[in-house]
Amino acid sequence: MKLIIASDIHGSAPQTEKLLDIFQKSGAGKLVLLGDILYHGPRNDLPEGYNPKKVISLLNPLRTRILSVRGNCEAEVDQMVLEFPVLADYAILMVDGMTIYLTHGHHYNAEHMLPMEKGDLMLHGHTHIPGIWHVGENTILNPGSISIPKGGFKPSYMLYEDRHFSIRTFEGEELFSYQA
């Protein structure tokens, strides 16, 4: 199974269009969104092309191909306009013999782990900084942010295929790689 994984869209329509172009061209079966889809939040500046209504119109047609979790900027009103579930604090994805926990990162992260078994993976966003970390017997992967990257990084997302995770920029530069 091939997945495209992204986080922290924060209502940026141009960045969502770039992500969806990559998703369509990749042949991925699912688009995994790790929260903070529509609203930019009180701590962030408005992202380029801030247009939550357009983001809604771009994502809703893909509702059967999107798997999403709640970010700290999601609210019940977001669920009223998005046609795919966005209010779960975490989800569990079983793929290629692995257990992958999906969460935003504001509740569950390296300091507050989910009840994971040895070898399980956690994917989260929230920090807007891409990377891969090992915590005990587990691995945490963060795709960064497609709209408001931090830490000097460019907008980024993650590609998963055949137990391989690749965190990439929209220009195709691989920032981080992990083989599970």
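Gly172 takes a positive phi near 95° in the hairpin of strand 10 and strand 11, where four residues lie between the strands. Helices (H or I, at least four residues) and strands (E, at least two) are DSSP runs, numbered from the N terminus. The model is predicted, so to speak of local features needs pLDDT of at least 70 and side-chain atom pairs count only at pLDDT 80 or more, while totals for chains, interfaces and linings use all residues. Residues are numbered from 1 along each chain as its sequence is written, and side-chain values use heavy atoms, with hydrogens and water left out.

**Exercise 1.** Work out the strand order of the open sheet and name its edge strands.

Solution. 
- Start with the rule: two strands pair if DSSP finds at least two bridges between them.
- Strand 3 (66-68) and strand 11 are the edges, as each pairs on one side only.
- From one strand to the next, the twist averages 20°. Axes are lines fitted to C-alpha atoms, for helices over the stretch in contact, and angles run from 0 to 180 degrees between N-to-C directions.

**Exercise 2.** Trace the pairing from strand 1 to strand 11.

Solution. 
- Strand 1 and strand 9 run antiparallel, joined by four bridges. Opposite Ile4 stands Leu159 in strand 9.
- Next, strand 9 (residues 156-161) pairs with strand 10 (residues 164-169) through six bridges, again antiparallel. Ser156 has Thr169 as its bridge partner.
- Two residues separate these strands in their hairpin, and Asp162 there has a positive phi near 50°.
- Last, strand 10 and strand 11 (residues 174-179) run antiparallel with five bridges. His164 is bridged to Gln179, and Ile167 stands opposite Phe176.

**Exercise 3.** Describe helix 1: its span, its ends and its buried side.

Solution. 
- Helix 1 (residues 13-26) has 14 residues and reaches 20 Å from first C-alpha to last, close to the 20 Å expected at 1.5 Å a residue. The expected span is 1.5 Å times one less than the number of residues.
- At the N-terminal end, Ser12 is the cap: a side-chain oxygen lies 3.5 Å from the backbone nitrogen of Gln15.
- After the helix comes Gly27, with a positive phi near 80°.
- Buried residues (under 20% relative accessible area; exposed is over 50%, partly exposed in between; 1.4 Å probe, protein chains only) include Leu19, Leu20, Ile22 and Phe23.
- Their cover includes strand 1 (2-6), strand 2 (30-33), helix 2 (52-59) and strand 9.
- Helix 1 lies across strand 1, strand 2 and strand 9, at about 170° to strand 1.

**Exercise 4.** Is Asn109 buried or exposed? What does Asn109 touch?

Solution. 
- Asn109 sits in the loop between strand 5 (98-103) and strand 6 (121-123).
- Asn109 counts as buried because its relative accessibility is 14%.
- Asn109 touches Met122, His124 and Ile140, leaving out residues up to four places away in sequence. Contact means heavy atoms within 4.5 Å.
- A polar atom of the Asn109 side chain lies 2.9 Å from the backbone oxygen of Gly105.

Definitions and conventions:
Polar contact = N/O pair within 3.5 Å; in protein donor to acceptor, adjacent residues only side chain to side chain.
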